[in-house]
Amino acid sequence: MGVRVAVNGFGTIGKRVADAVAKQPDMELVGVTKTRPSFEGRRAVEKGYPLYLAGNGDRAAFEAARLPVAGTLAELLSEVDIVVDATPDGVGRQNRALYESANLPVVYQGGEKADVAEVSFCALGNYAACRGKRSLRVVSCNTTGIARAASVLEPRWGVEHWEVTLVRRAGDPAETNRGPVNGIMPTFRLPSHHGPDVNTIFPDLPIATTAVVVPTTLMHVHVNHVRFRRPPGDAVEILDAFRATPRFHVFAEWEHVDGTPQVMEYARDRGIGFNDMMENVLWENGLRLDGRDAYFFQAIHQESIVVPENVDAIRAMLDLVPDGPTSIARTDRALGLGASPITTRPTEGPAMAHRRRGRATLK
Ligand code: NAD
């Protein structure tokens, strides 16, 4: 028996968070909600998750589909210690009064504006500041990815300036209403909203972001240019810092991962979650240091990167463990993240020694 959790909204994020919660040793998934019968509701029942009616959900429609309904959202809320709202953008805010009247702590998602919750959350970024809060907002997939990277770079080398160009996926694989798309669509808000959103976690980080949307459903890719105040000795130091941090996955050059298709193929081979890639993905040969300037790519699996963050947000709010690293380790162990016996750190050989002596760059 752990803390009792409800997940309201059982779509792309909600179904993943529900699975992740169900796997945690200190949490119990009490129920999930659907507004209408669907294959996802069927999967909830097949997995043994009690299904509750949310929104304008019609019980008769569920009965006609022979999907058993355990009760209403209000009933679910009366049975739990905390609720994760994973409803579509803006619906979380509409639900706020409901959660307040049930006197429940709430985890919101990044599609809500920052002021929906007391604090915005990224486990590696600001876990300590979020302990004991009554409401948190897990920032969006892109913001989570940048905030995680900032938590590695800023404390070690100090960021003087950071520019990110976000190459964003047009829609999630199941979002047929967003495609097909044949185009590259600039986001005509310059800079884009992602930089200010990162500043909800790191208020003083000097970051500017711009974005384009491209016709893919697999992942986002961030093209980063960071200028450090106190630069590292070489690129290997930066890669080692990422490798040593949970929720980063660095592909070695010898793995021949040319882009997001192979990243997702690796994720399907690995079979964690819904064949997800919950870590920030970097490439050993996709990072370069020139003096104080680092350039690197990172790929973000939009459907899953926020999933472990939701689990940690629950622990932070209910103060279940003393600190962020303890929560991150527990979450990741339960999810099977970071369990590979293979380290992709190159062994020190002539090439590496040359790199260390030389221009401090990889490739
Ligand atoms: P989604 O549309 O896939 O899932 C939302 C689910 O909520 C659907 O099953 C929908 O039927 C259900 N729903 C609709 N109205 C409801 C209501 N009133 N009560 C309960 N359930 C209701 O959306 P998503 O992609 O999972 O996004 C959820 C949140 O997560 C949003 O804030 C979004 O911005 C954020 N987010 C999404 C992604 C992503 O790439 N999909 C990444 C990070 C964060």
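Two strands pair if DSSP finds at least two bridges between them, and helices (H or I, at least four residues) and strands (E, at least two) are DSSP runs numbered from the N terminus. The legends below describe a predicted model, in which local features need pLDDT of at least 70, side-chain atom pairs count only at pLDDT 80 or more, and totals for chains, interfaces and linings use all residues. Residues are numbered from 1 along each chain as its sequence is written, and side-chain values use heavy atoms, with hydrogens and water left out.

**View 1. Strand 2 and strand 3, joined in parallel by three bridges.** Look for Thr33, which sits opposite Tyr52 in strand 3. Strand 3 covers residues 51-53. From strand 2 the chain passes through helix 2 (residues 39-46) to reach strand 3, a right-handed β-α-β crossover; right-handed means that, with the strands pointing away from the viewer, the path from the first strand over the helix to the second runs clockwise.

**View 2. Strand 1 beside strand 2.** Five bridges link strand 1 (residues 3-8) with strand 2, and the two run parallel. Here Ala6 faces Gly31 of strand 2. Together with helix 1 (residues 12-22), these strands form a right-handed β-α-β unit.

View 3. Strand 2 (residues 27-34) is largely enclosed by the rest of the structure, because seven of its eight residues are buried (under 20% relative accessible area, with exposed over 50% and partly exposed in between; 1.4 Å probe, protein chains only).

**View 4. Ala123 in helix 6 (residues 123-130).** Ala123 counts as buried because its relative accessibility is 5%. Leaving aside residues up to four places away in sequence, Ala123 touches Arg247, Glu309, Asp312 and Ile328 (contact means heavy atoms within 4.5 Å).
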